[in-house]
Amino acid sequence: MSRLIITESGPLKGKVRVSGAKNSVLPIIAASLLVDGRCTIDEIPYLNDVRIMCDLVKSLGASVEIFEDQTKLQINCRSLSTNTAPYELVNKMRASFLVAGPLLAKTGAACISLPGGCAIGTRPVDLHLKGFVALGATITQGHGYIEVKKNGRLKGGKVYLDFPSVGATENIMMAAVLADGTTTIENAAIEPEIVDLATYLTTMGADIKGAGTDTIKISGARELKAADHAIIPDRIEAGTYMVAAAITGGDVTIENVVTDHLKPVTAKLREAGIEVSEELTSIRVRGGNLKAVDIKTHPYPGFPTDMQSQMTSLMSIACGTSMVIETIFENRFMHVCELKRMGANIKIEGRSAIIEGCSKLTGAQVKATDLRSGAALILAGLVAEGTTEITDIDHIDRGYSRVDDKLRSLGANIIRTEE
Ligand code: EPZ
């Protein structure tokens with residue numbers, strides 16, 4: 001298992017370019033199943049999750065080529081050979097369930113291994129299934145698999161999401177684009193990744209109105225055609241580097257960002273005394289007198305749950321007491337026990353973390369339990385006295401492209417050891 005070894009790094013300085021969004025490229029690769037023909041997708045991030053999704057669509061019969069230093073891929077789903085997504089692949093990545101909608105729309109059925117829960121929560125798929133049923137599909141479950149099927153074309157319908165689930169919105173949208181008639185998704189998720197997926201589907205010839213609002217209307221098409229697309233920048237990777245600049249008191253320009261997507265993070269960092277200046281496609285963050293602020297996660301455009309762990313690390317060294325409330329996932333404080341081993345003073349009460357900012361963290365051996373907790377530990381390691389050794393960094397490589405190279409280019413003392 002490889003590890004990251006980090007020693008106290010002083011203020012980070014320089015420029016770092018953000019890669020394409022993990023949470024956009026995964027549904028977009030899945031959406032390519034909807035068309036016969038070659039789709040070219042640019043701005044692909046160099047991530048383990050991208051490789052898993054490519055392996056999954058290849059197991060369904062698609063051909064996938066990745067080139068140009070892994071930043072561009074071509075995918076052709078003309079000759080799908082099966083609509084069963086196997087346990088050994090789905091078990092590696094929950095987002096695999098996003099092939100259900102496109103397979104159902106394209107082939108009339110999908111048989112997907114039930115995605116397990118993960119470190120951060122049970123993560124059910126009931127809202128995805130509610131949408132498929134609204135489109136006329138039948139659901140059967142057995143032996144750890146869920147089968148959704150419809151004889152003939154899906155029929156447009158109306159579905160209200162009890163929670164604005166990102167994945168359910170994406171899966172239902174991908175099923176509805178080939179349905180007969182109009183589908184309305186109410187209380188839909190409005191994250192930027194939803195809009196990016198809708199843009200890709202529209203380029204294929206889909207008729208989608210309202211993506212980015214809580215009501216999306218889709219008029220089904222007879223068929224869609226192959227399309228090309230460039231993935232939007234990863235707002236969570238960008239936010240993570242913003243916090244890296246803040247926690248080290250540095251001066252970092254993060255390039256290739258959509259500043260609008262970062263509004264909640266920018267606002268919160270400014271509230272915490274950090275200087276943030278926005279340019280058209282970049283954002284400059286300069287450390288300041290860090291003060292404690294309260295954080296409550298919400299669906300977009302609220303403060304993103306995927307930035308909660310990183311902010312918990314930042315608040316661990318801020319002057320004062322802060323309260324972090326995690327409203328999206330039931331178990332997203334796995335980083336806290338690791339941060340406490342580094343001297344952080346944090347008390348968990350249900351979905352709240354009460355943080356007494358301390359002057360100094362100390363390096364320790366810690367382990368990444370999930371993607372964003374791993375990022376939180378890297379951030380803490382940058383400012384902790386001494387050396388921090390992080391194991392289980394596969395979690396981190398799922399969602400951060402070349403994180404050690406990028407941080408080292410900003411002056412961080414970080415190395416990756418292969419064992
Ligand atoms: C997406 O997960 C992201 N992943 C997550 O990013 C992100 O944290 C999450 O959206 C929220 O923004 C990808 O896009 C690949 P949800 P998703 O469905 O779609 C409940 C990261 O670190 N729910 O919006 O799985 C669920 O239990 C990852 O990059 C149901 O109850 O999130 C959770 O409490 C982590 N029933 C809440 O909704 C359902 O059918 C949010 O889940 C679906 C979800």
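The model is predicted: local features need pLDDT of at least 70, side-chain atom pairs count only at pLDDT 80 or more, and totals for chains, interfaces and linings use all residues. Residues are numbered from 1 along each chain as its sequence is written, and side-chain values use heavy atoms, with hydrogens and water left out.

**The ligand site**

The shell around the ligand has 22 residues. A residue counts as near if one of its heavy atoms lies within 4 Å. Asp126, Leu127, Ser165, Asp306 and Ile328 come nearest. By class, the shell holds 10 nonpolar, 5 polar and 7 charged residues. Here Ala, Val, Leu, Ile, Met, Phe, Trp, Tyr, Cys and Pro count as nonpolar, Asp, Glu, Lys and Arg as charged, and the others, Gly among them, as polar.

| Residue | N or O atom in | Distance to a ligand oxygen |
|---|---|---|
| Arginine 94 | side chain | 3.1 Å |
| Proline 124 | backbone | 3.4 Å |
| Arginine 332 | side chain | 3.2 Å |

Taken alone, the ligand exposes 820 Å², and the protein buries 87% of that. Accessible areas come from the Shrake-Rupley method with a 1.4 Å probe; for residues, only the protein chains shown count as cover.

Which elements give two or more residues to the shell? They are α1 (22-31), α5 (126-134), α6 (166-176) and α12 (371-383). Helices (H or I, at least four residues) and strands (E, at least two) are DSSP runs, numbered from the N terminus. The most comes from α5, with 3 residues.

**Helix α1 and the cores**

Helix α1 is mostly covered, with 9 of its 10 residues buried. Buried means under 20% relative accessible area, exposed over 50%, partly exposed in between (1.4 Å probe, protein chains only). Ile29 is among the buried residues of α1.

A nonpolar core is a set of buried Ala, Val, Leu, Ile, Met, Phe, Trp, Tyr and Cys residues joined through side-chain atoms within 4.5 Å. The largest has 78 residues. Ile29, Leu34, Ile75, Val99, Met173 and Leu201 touch the most other members. Beyond four places in sequence, isoleucine 29 touches Ile41, Val50, Met53, Cys54, Val57, Leu73 and Ile75 (heavy atoms within 4.5 Å). A second, separate core of 68 residues includes Ile247, Ile355, Leu377 and Ile393.

**Two buried residues**

Leucine 60 is found in the loop between α2 (48-59) and β4 (63-67). Its relative accessible area is 0%, so leucine 60 is buried.

Serine 313 sits in helix α10 (residues 308-315). Serine 313 is also buried, at 0% relative accessibility. A polar atom of its side chain lies 2.8 Å from the backbone oxygen of alanine 376.

**Backbone features**

The peptide bond from tyrosine 300 to proline 301 is cis, with omega near 10°. Proline 301 lies in the loop between β18 (295-296) and α10.

Asparagine 187 is not a glycine, yet has a positive phi of about 60°. Asparagine 187 lies in the loop between β11 (182-186) and α7 (192-203). Aspartate 392 has a positive phi near 60°. Aspartate 392 is in the loop between β23 (387-391) and α13 (394-399). Is aspartate 392 buried or partly exposed? At 27% relative accessibility, aspartate 392 counts as partly exposed.

Methods
Polar contact = N/O pair within 3.5 Å; in protein donor to acceptor, adjacent residues only side chain to side chain.
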